[in-house]
Amino acid sequence: VGVAEVFRSNDPAVVYPYLIGGLLGGFVVALVTVFKKNWAMVTAPIYALLEGLVLGALSAVFEARFPGIVIQAVGLTFGTLFALLMAYKSGLIKATENFKLGVVAATGGIALVYLASLALGFFGVSIPFIHGSGPIGILFSLFVVVIAALNLVLDFDFIEGGAAAGAPKYMEWYAAFGLLVTLIWLYIEILRLLAKLRSRR
Amino acid sequence: MMRTANPTLNAGTFTGYARPYGTTEVMTIGGTVNKTGLLLLFCLLPAAWVWRKFFAPMIPPSFIPT
C-alpha cells in the first residue's frame, strides 16, 4: 500500500448521495423538459448540472477501480462525436426514414432489456451474461455503444431540420439538451465497455 | 429558383410573407452548437467538484494531534 493510498479516502459512500440525487433530479427535470420544450432555456442547464453530479461520482468510482479509464472514455466519446459529425456533414451517413426507424427500434429494444433487467433485479434475478465481462457481455456493450453513437445522427438531423424549418429560438436549447442526453448515455456506455474489457485481464 | 411555366410556382410565390418569428428569434445551427457547449460546461463543473470530493486527501484520525 503506497502512501498516497493511505491518505485518500476513495470511499464510494462519499459520492453516492450525489449520484442518487443527480439521477432522480435529472430524471424529473428531463421529463419536464420533454413536455415543456419552451422551458428548455431554464431546465436544460439545470439538467446539465444534475447530470454533472452523476458523471462526477460515477467517473470517480470507475477511475478508482481502473486508473486512466475516465480519460479514455472522455476521448472516445468526443472522438465518436466528431467522427460522426464529419460522416454526417460529408453525406456518408444520411438520416433516411429507414435509418431513423432502425435506430429508434434498436434504442427501444435496449431500453426494454434495461427495464427488464431492473425489474428482475428487484426479485434477485439477473439476465445472464449481458452484464458480465464474457464475450456476450462485451458484444452486448459494443452493440449498445454503436446504437448510442447512431443516436447522435438523429440529433444532428433534428438540429438541421429545426433550423431549416425556422423553429423558434428556444428549440436551440431543446436540441442542445437532446444532444447532451445522447452524449451522456454514450459516455456511460463506453465507460462500462472499457471496464468490462479491463476486468478480463 | 428553378424556372417553370407553372403560374402558381413563379419566383414570387414565397415573397410577401412575414416569417412567423423575427430573424433573431429563429433557431440556427450555430446557436445550437453554442448552447451545447454551454451545457457541456454546466455538466463539467459539478462533475469536477464531486470528483475532487472523492479523491480528496484524507487525514487519518490517528494522525490528528490531540
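Q: How many residue pairs are in polar contact between chain B and chain A?
A: A polar contact is a pair of N or O atoms within 3.5 Å; within protein, one must be able to donate a hydrogen and the other to accept it, and residues adjacent in sequence count only if both atoms are side-chain atoms. Both residues must be at pLDDT 80 or more, and the count between the two chains is 5.

Q: What classes of residue does chain B turn towards chain A?
A: Ala, Val, Leu, Ile, Met, Phe, Trp, Tyr, Cys and Pro count as nonpolar, Asp, Glu, Lys and Arg as charged, and the others, Gly among them, as polar. The side of chain B that touches chain A has 21 nonpolar, 5 polar and 4 charged residues.

Q: Which residue of chain A forms a salt bridge with K35(B)?
A: A salt bridge puts a side-chain nitrogen of Lys or Arg within 4 Å of a carboxyl oxygen of Asp or Glu. Here the closest N and O atoms are 2.8 Å apart, and the partner is E172(A).

Q: How much area do chain B and chain A bury between them?
A: Buried area is the accessible area (1.4 Å probe) that two parts lose on being put together, summed over both. Carbon and sulfur atoms hold 77% of it, and the total is about 3,300 Å².

Q: Which residues in chain B lose the most area to chain A?
A: Three residues together make up 25% of what that side buries. They are M27(B), L39(B) and F54(B).

This is a predicted model: local features need pLDDT of at least 70, side-chain atom pairs count only at pLDDT 80 or more, and totals for chains, interfaces and linings use all residues. Side-chain values use heavy atoms, leaving out hydrogens and water.

Terms used: Residues numbered from 1 in each chain as written. Chains lettered and ligands numbered in written order.
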